[in-house]
Amino acid sequence: MSIVLSGIRSTGNLHLGNYFGALRNFVKTQDEHTCYFFIADFHSLTTHPNPKLLHDNVKNVLIEYLAAGIDPQKSTIYVQSDVPEVCELYLLLNMHAYLGELSKTVSFKEKARKQPQNVNAGLLTYPTLMAADILIHNSDYVPVGKDQEQHLELTRKYARRFNNLYGVEYFNEPDAFNFGMELIKIPGLDGSGKMGKSEGNCIYLYDDSKTIEKKVKKALTDAGPTEANQPKPECIENLFTILRVVSLPEVVEYFENKWNIAEIRYGDLKKQLAEDIIKVTSPIRERILDLQNDESYLRNVAREGAEKARESARKTIREVREIMGIKPF
Ligand code: TRP
């Protein structure tokens, strides 16, 4: 059993792209590995501190992950700010993190360009905080997308540097994790390649049936095939990609055939697509609604998660202090 750690941004609702891209695989991973899931609320302070929204955002993410199948009996799910040991490791790692390498990361340069009035030290040391998140449990694997690979590379560098500096074999160098399977990329409904929050083309797990029907109905299509066996334009291929994920094989085959004989009716395709998306999302939506009213359950999950995470974190801090020569009298 390897240790898999997954860090979750504390903004935004989960959409179909998140669900089929990674979340569904997280749910399976829980049975095979020791999994930690945490909500990175400290990280969100580097860009948009908003005391009114912070807690609600964290709560929302917690609810949606639980609703989608993260099981607190199998995994440890916690909020980053509930585990203060992370802050200590962050401080200690910062002593061996250099301005040159931090200021060169793509994410830092991008954020500095986007918010020139707020290029704060937290933004600069975002990668050390992330390294602390990962190394605090001495994780073996971290499921990350392309945009986070450079951060993971720095984490490996900091692990290696620590080991070399102190002449120990203490930290693992964690690897990216792809769940041993191919990740499905869910396209947008606007003819674009990717479903994403910033693209504004998402179907959220939280959306009700009416909203989903409306969004699918509005999805971009073309004028339709004029002859048999034409290649599909991107916007139509996109609809089929989603259909393949949510519908039964015979349904997909039916519409493939209709396309191939140039008799497809997009209205029918969209109706079926919306119906099958709703089949996937509606049980999750129901759990979201239930959890929203169950403060005491959420409190227990967060408290027990933090306790389990702190157990592992305290052990790391104890050992790291000893290695670095920080000793009690
Ligand atoms: N930086 C990650 C993101 O933007 C979130 C994150 C913070 C994270 N700490 C982490 C991811 C540790 C994996 C491991 O998505």
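The residues lining the second largest pocket divide into 6 nonpolar, 2 polar and 6 charged, where Ala, Val, Leu, Ile, Met, Phe, Trp, Tyr, Cys and Pro count as nonpolar, Asp, Glu, Lys and Arg as charged, and the others, Gly among them, as polar. The structure is a predicted model, in which local features need pLDDT of at least 70 and side-chain atom pairs count only at pLDDT 80 or more, whereas totals for chains, interfaces and linings use all residues. Residues are numbered from 1 along each chain as its sequence is written, and side-chain values use heavy atoms, with hydrogens and water left out.

The second largest pocket holds about 270 Å³ of space. Of the 14 residues that line this pocket, His 55, Val 58, Leu 62, Val 79 and Ala 302 are the closest to its centre. Helices α3 (51-68) and α14 (295-324) each supply at least two residues of the lining. On a 1 Å grid over the protein atoms alone, a pocket is an open set of points with protein on both sides within 12 Å along at least five of seven lines, a cavity is a set of points where a 1.4 Å probe fits but cannot get out, and lining residues have an atom within 4 Å of a point. Grid points are joined across faces, edges and corners, and a volume is the space filled by probe spheres set on the points.

The chain has 14 helices and 5 strands; helices (H or I, at least four residues) and strands (E, at least two) are DSSP runs, numbered from the N terminus. The C-alpha trace spans about 80 × 45 × 40 Å along its principal axes. Of the 329 residues in the chain, 47% are buried, a class defined as under 20% relative accessible area, with exposed meaning over 50% and partly exposed in between (1.4 Å probe, protein chains only).

The ligand is surrounded by Leu 5, Gly 7, Arg 9, Phe 38, Ala 40, His 43, Tyr 126, Met 130, Asp 133, Ile 134, Val 142 and Gln 148, a residue being near a molecule if one of its heavy atoms lies within 4 Å of it. By class, this shell comprises 7 nonpolar, 3 polar and 2 charged residues. Elements β1 (3-9), β2 (34-40) and α8 (126-135) each supply at least two residues of the shell, and α8 gives the largest share, 4 residues.

An oxygen atom of the ligand lies 2.9 Å from a polar side-chain atom of Arg 9. A ligand nitrogen atom is 2.8 Å from an N or O atom in the side chain of Asp 133, and a polar side-chain atom of Gln 148 is placed 2.9 Å from a nitrogen atom of the ligand. The protein buries 94% of the 360 Å² that the ligand exposes when taken alone; accessible areas come from the Shrake-Rupley method with a 1.4 Å probe, and for residues only the protein chains shown count as cover.

One cavity of 30 Å³ or more is present in the structure. The largest cavity has a volume of about 30 Å³ and is lined by Leu 93, His 96, Tyr 158, Arg 161 and Phe 162. Helix α9 (residues 149-166) gives the most to this lining, with 3 residues. The lining of the largest cavity has 3 nonpolar, 1 polar and 1 charged residues.

Several individual residues were also examined. Asp 140 is found in the loop between α8 and β4 (141-142) and counts as partly exposed because its relative accessibility is 25%. The C-alpha atoms of Asp 140 and Leu 5 are separated by 8.0 Å, although the two residues are 135 residues apart along the chain. Asp 290 is placed in helix α13 and is classed as exposed because its relative accessible area is 56%. Asp 290 and Ala 67 are 223 residues apart in sequence and 9.1 Å apart in space, C-alpha to C-alpha.

Positive phi values occur in two loop residues other than glycine, Asn 229 and Ala 262. For Asn 229, phi is near 55 degrees. This residue is in the loop between α10 (209-217) and α11 (234-246), and Asn 229 counts as exposed because its relative accessibility is 56%. For Ala 262, phi is about 60 degrees. The loop that holds Ala 262 runs between α12 (249-260) and α13 (266-292), and Ala 262 is partly exposed, with a relative accessible area of 25%.

Terms used:
A polar contact is a pair of N or O atoms within 3.5 Å; within protein, one must be able to donate a hydrogen and the other to accept it, and residues adjacent in sequence count only if both atoms are side-chain atoms.
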